[in-house]
Amino acid sequence: MRNQESSIQYMRGNQAAAEAARLARIEFMGAYPIPPSSEIMEHIRTFIEEGQLKAGFIEADGEKSAQMACYAAAFSGCRTLNATSSQGLLYMHEANHMIAGSFLPMLLVVGNRSCFAPHGMEADHTDSISQRDTGWLQLYCETVQEVFDDVIQGYKIIQNPDVMLPMFVCQDGYLLTHSMGHIACPTQEEVDAFLPPYQPGETDYVKPGGLPLATSLGVMDQWFTEFKYQQWMKEGNALQVIEDVDAEFGRHFGRSYGGLLEAYRVDDAEVVMIGMGSVVATIRFTVDIMRSAGKKVGMVKIRAFRPFPKDKLAQVIAGSSSKMIVVAEKTFYGAVFDEVRSALYGLDNAPGILGFGVGLNGRNVDPYNIIDLFEQGFKNIGNKNIPSRSQIYFVRKKN
Amino acid sequence: MEKVKGIKVVEKFSEALEMARKRDYNFIYNPQYFEDLPMGCRNVSCRGVPRSAVADFIMVGYKVTMDKEKCTKCGACWVSCFLGVIKEAEDGYFEIDYEFCRPCGICAQVCPVGAIEFKADHM
Amino acid sequence: MLKKYDEVFQVKEEPMNPGGRSCLGCGGGIVTRMVLKAVGPNAVTTVGSCGTNTTNHFPVGQMSTIPIPIGILGAPGAALSGLEVAARVKGNEDAIVVGMLGDGDASDIGFGNLSACFERGHKVIVVVVDNQGYSATGGQRSGTTGLKAWTRSTPKGKSRPPKYLPFIMLAHGAPYVATCSVGYPEDLFERVKKATKRENQPAFIQCINPCPMSWKTHPSMTVEVCKRAVTSGIWPLWEYERGTFRRTIVPKKLTPVEDYLSLQGRFNHLTGDDIEEIKAYIKDLNETVDKYAEVYSKYSEYQPATVV
């Protein structure tokens with residue numbers, strides 16, 4: 001795993017994230033263990049103790065403490081990393097609002113896992129989607145290679161002076177965190193050429209003896225709006241920056257992921273499925289199978305959930321011939337479904353939109369389930385009474 | 001059960017004004033509700049209960065004056081100021097920056113020789 | 001200048017910009033001044049809840065002349081740990097990280113954090129601005145509220161004695177623990193100065209100061225009421241420094257506790273029985289402090305206390 005030359009390595013999602021963070025030369029990690037993300041913290045600690053990474057490290061007494069320590073470190077100008085899942089992410093909710101509102105960039109690798117109750121341990125997007133109002137950017141990964149690449153791209157996106165917002169890099173719990181994959185690891189020099197060191201401006205971080213800066217000041221009604229306007233603008237800037245950084249990454253390393261979203265065989269599709277996370281790999285495979293059987297289907301992979309690419313999605317769907325959209329997401333309350341509906345509002349000849357909660361808490365989603373969902377899509381073309389509420393998909397029926 | 005003789009706490013503005021008019025300043029004015037206070041308070045995080053035990057407006061007209069004759073340059077007033085508005089002058093005596101003094105009366109109370117007077121103009 | 005103020009007087013600059021929004025007679029102002037004078041300009045600090053509202057309000061201007069992340073109620077230990085590690089990573093070995101926590105932050109909502117920070121042994125100074133209650137939200141009770149005190153959430157008086165944090169932090173193995181009072185600001189300055197030594201960190205200092213709103217004291221009595229807290233024995237002043245324990249300021253003779261209680265409107269409802277309970281509490285507390293002194297002071301030379 002400790003490579004000196006660019007090579008193909010065989011590693012899990014957690015290992016990939018830790019290795020990418022090492023190559024990105026992080027300066028601080030504050031974390032607390034929780035399955036499935038505990039491993040990232042352990043790898044970083046090993047790197048520090050073996051001298052491969054020069055960084056500060058705090059294993060805190062709880063996720064809120066860990067995130068507050070990251071807040072303090074980002075406030076002091078360090079390139080910061082944290083890694084958590086499910087309940088831990090919920091516990092640090094207060095700190096998440098503070099970090100985004102203070103415009104302190106840092107990366108948090110989420111091992112998506114379901115939230116209590118009931119007590120679940122498998123892959124589910126409820127935890128990171130529940131943080132959609134905090135103002136953090138969110139990228140969802142399809143493969144282990146993408147986890148590796150998104151950590152490196154992530155730091156480049158967030159340290160852009162027009163953005164300066166924190167970001168979640170989301171990988172499905174156990175489906176990506178603990179699944180081995182072959183990934184192409186660049187060398188340290190290649191990463192340094194793409195990702196310069198973190199040099200915040202005079203007023204972006206603090207040093208003792210320097211300017212008496214403060215974050216999270218008390219502002220009365222007079223000035224709160226202006227602060228939030230700045231945050232709103234930064235999130236808007238992120239739409240373009242995510243696209244640009246992905247294209248630049250493609251020029252440097254030969255792989256890119258389409259920026260905010262990727263449209264796959266959508267142009268002449270009748271039914272298009274929209275997905276996020278590792279289920280996209282299954283959908284992609286199923287689309288190929290169904291195409292070879294003559295069905296006109298396509299897929300859109302949402303890579304950035306925040307900021308949601310509403311304009312780009314509307315453009316892609318308007319330019320296609322689709323008559324029905326099926327949204328397959330890993331939450332039970334239809335968050336992606338609502339976003340897609342609002343993105344496609346007002347389109348001429350807008351397709352119908354069906355939403356399903358699929359694969360909750362790691363229930364297996366195999367190509368037959370995807371074919372089933374596409375069939376539901378075909379059946380409902382022309383139906384004027386599509387439910388406005390996202391539904392739950394259990395298992396495919398026998399026959 | 002006999003109660004301890006404590007300091008008188010006054011909660012209504014009208015009562016405080018009444019006592020002030022009679023030159024009886026031996027009380028704490030601690031209003032409990034916004035209606036009892038004729039002016040807005042300084043901070044709102046305590047849910048509208050005015051934060052000053054003696055609201056600043058009652059101290060309008062109060063002034064702190066230093067008497068150089070009695071002053072022994074001990075420095076007790078300088079150390080005890082909660083805002084830090086007392087500064088040392090060239091001659092070694094201490095002077096108050098009246099632009100930021102509010103006033104509270106701590107310096108008058110700690111002065112061991114009574115060189116600082118804290119009273120209202122009309123007294 | 002009295003001899004005891006000489007050392008404080010060496011620091012002539014005021015580390016706080018004027019125009020603060022604290023209440024009239026706020027004891028926290030004196031604590032902030034002394035602490036910031038003692039740590040110097042190469043420092044970074046955090047504040048508790050009242051400090052959040054009074055020291056920094058946009059755009060009135062920032063009261064503190066050193067950097068300060070605000071709004072960290074509930075995780076003071078974590079923020080101090082992060083600041084300290086980040087300062088070393090950035091190459092600033094001499095930066096002092098000092099936190100001026102509220103008593104609610106230290107003993108209730110942020111207690112777990114504080115304990116973990118001391119357990120990990122970060123090189124920080126923690127000064128607890130103890131006004132015996134949650135003043136920023138109106139004056140409710142906290143873990144350190146005095147016995148039998150009226151607060152907005154204990155209108156009939158708090159029935160249990162306060163949580164004595166200094167002994168708890170001694171049990172964490174902290175190399176420096178001290179208690180202070182704004183009745184003696186020069187003593188607070190000296191304690192913080194001692195705490196800035198690396199071998200004395202993590203250091204814990206708890207300083208009692210009045211909140212005129214929730215204690216119902218007259219603003220001019222801020223310093224006097226905390227002097228009487230020390231001379232009546234209800235708040236003994238001591239320091240523990242790496243194996244030696246000594247009382248720092250002792251009264252020549254204990255003054256009656258009624259003198260301390262009568263200055264505060266929050267004790268107006270006390271009966272004779274309540275006062276007896278408070279006197280028993282004072283006796284217990286001072287006996288425990290003397291036992292600690294006996295156990296710890298035989299390991300090093302004895303420095304006599306100041307008698308007032």
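Strand E8 of chain A, residues 181-185, has a covered face made of A:Gly181, A:Ile183 and A:Cys185, and an uncovered face made of A:His182 and A:Ala184. In a regular strand, side chains alternate between the two faces of the sheet. Helices (H or I, at least four residues) and strands (E, at least two) are DSSP runs, numbered from the N terminus. The model is predicted: local features need pLDDT of at least 70, side-chain atom pairs count only at pLDDT 80 or more, and totals for chains, interfaces and linings use all residues. Residues are numbered from 1 along each chain as its sequence is written, chains are lettered from A and ligands numbered from 1 in the order in which they are written, and side-chain values use heavy atoms, with hydrogens and water left out.

E8 of chain A is paired with strand E1 (residues 7-11) of chain A in the antiparallel sense, over 5 bridges. Two strands pair if DSSP finds at least two bridges between them. Within this pairing, A:Ser7 stands opposite A:Cys185, and A:Cys185 belongs to the covered face of E8. Strands of a sheet pair through backbone hydrogen bonds, either parallel or antiparallel.

Chain A also holds an open sheet of 6 strands, in the order E11-E13-E12-E15-E16-E17, with mixed pairing. Its edge strands are E11 (261-264) and E17 (391-392), each of which pairs on one side only. Inside that order, strand E12 (residues 271-275) and strand E13 (residues 297-302) of chain A pair in the parallel sense over 5 bridges. Here A:Met273 has A:Met299 in E13 as its bridge partner.

Most residues other than glycine have a negative phi, and most peptide bonds are trans. The peptide bond from A:Phe116 to A:Ala117 is cis, with omega near -15 degrees. A:Ala117 sits in the loop between strand E5 (107-112) and helix H6 (126-129) of chain A.

Positive phi values come next. A:Ser86 is not a glycine, yet its phi is positive, about 25 degrees. This residue is in helix H4 (residues 86-91) of chain A. A:Ser86 counts as buried because its relative accessibility is 0%; buried means under 20% relative accessible area, exposed over 50%, and partly exposed in between (1.4 Å probe, protein chains only). A:Phe103, also not a glycine, has a positive phi of about 55 degrees. A:Phe103 lies in the loop between helix H5 (93-101) and E5 of chain A, and with 15% relative accessibility it counts as buried.

Chain B contains 3 helices and 6 strands. Read from the N terminus, its elements follow the order β-α-β-β-α-β-β-α-β. Of its 123 residues, 48% count as buried. Contact means heavy atoms within 4.5 Å; of the contacts in chain B with a separation of 6 or more, 44% are between residues 24 or more positions apart. The accessible surface of chain B is about 6700 Å², with 52% belonging to carbon and sulfur atoms. Accessible areas come from the Shrake-Rupley method with a 1.4 Å probe, and for residues only the protein chains shown count as cover. One residue of this chain, B:Met19, is found in helix H1 (residues 13-21). B:Met19 counts as buried because its relative accessibility is 9%. Its C-alpha atom is separated by 11 Å from that of B:Lys8, which is 11 residues away along the chain.

Chain C has 12 helices and 11 strands. Along the principal axes, the C-alpha atoms of chain C fill a box of roughly 60 × 50 × 45 Å. Of the 308 residues, 68% count as buried. Among contacts in chain C between residues at least 6 apart in sequence, 72% join residues at least 24 apart. Chain C exposes about 10300 Å², and carbon and sulfur atoms supply 54% of that area.
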